[in-house]
Amino acid sequence: MKIIKGKNIQLRLAETSDADFILSLRSDDNLNKHLSVVENDLQKQIEWLEKYKQREAQKEEYYFIIESFEREKYGTVRLYDFKGDSFCWGSWIIKSNRPSGTTLESFILSIGFGLEELNFSKARWDVRKENFKAIELYKFYGAKIVNEDELNYYFDYKKENYETLKVKYKKFFA
């Protein structure tokens with residue numbers, strides 16, 4: 001099982017046994033207002049994870065559980081839609097009652113996996129325009145808006161931005 005260790009948290013690949021936790025995050029009205037809607041159906045979440053595990057085995061996608069070293073679960077993050085020199089980064093949901101620094105550290109670890117271990121040169125993602133907090137956070141991390149439509153902003157995050165962030169926050173690396 002792939003585990004990416006940081007200084008305070010780790011990312012481990014999601015398993016079908018995580019379905020209940022993932023569904024609890026996705027169906028939490030405080031966390032899901034800027035996400036695509038999912039049915040609150042545990043069996044469908046399990047089935048989705050089973051199909052995901054096939055994509056993971058083909059190295060087409062990686063879905064991580066963000067957790068403490070003692071396996072207390074805090075959230076999720078996913079790398080998918082690998083195209084050319086980039087990957088899509090998303091499904092980043094983190095509980096509100098998490099240790100300080102979990103947001104930044106999980107961003108650095110997950111983006112780093114895609115840029116360093118998978119050797120992509122950039123990440124991309126979309127954000128709902130009304131998700132002001134996330135937009136400001138991504139800009140702070142160095143992401144650039146490269147396009148927009150009526151609903152979303154589209155971000156690119158280059159390897160150079162990651163390298164700068166990694167140096168600035170080296171305290172998050174064990």
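The structure shown is a predicted model.

**The sheet.** Begin by displaying the strands. Eight of them, in the order β1-β2-β3-β4-β5-β6-β8-β7, make up an open sheet with mixed pairing. Next, select residues 3-5, which are β1, and residues 144-148, which are β7. These two strands stand at the edges of the sheet, and each has a single partner strand, so one side of each is left without a neighbour there. Viewed across the sheet, neighbouring strands are turned against each other by 25° on average, direction ignored.

**Strands β3 and β4.** Now select residues 62-67, strand β3, together with residues 73-83, strand β4. The two run antiparallel and are joined by 6 bridges. Within this pair, locate Tyr-62; opposite this residue stands Leu-79 of β4.

**Glu-67.** Finally, return to strand β3 and select Glu-67, which lies in that strand. Is Glu-67 buried or exposed? Its relative accessibility is 0%, and therefore Glu-67 counts as buried, the cut-off for that term being under 20%. Show the side chain of Arg-12 as well: the side chain of Glu-67 makes a polar contact with it, at 2.9 Å. Leaving aside neighbours within four places in sequence, Glu-67 is also in contact with residues including Ile-9, Gln-10, Glu-72, Lys-73 and Tyr-74.

Conventions:
Residues numbered from 1 in each chain as written. Predicted model: local features only at pLDDT ≥ 70, side-chain atom pairs only at ≥ 80, totals over all residues. Heavy atoms only, no water. Pairing = 2+ DSSP bridges. Helix = DSSP H or I, 4+ residues; strand = E, 2+ residues; numbered from the N terminus. Axes fitted to C-alpha atoms, helices over the stretch in contact; angles between N-to-C directions. Buried < 20%, exposed > 50% of the residue type's maximum accessible area, 1.4 Å probe, protein only. Polar contact = N/O pair within 3.5 Å; in protein donor to acceptor, adjacent residues only side chain to side chain. Contact = heavy atoms within 4.5 Å.
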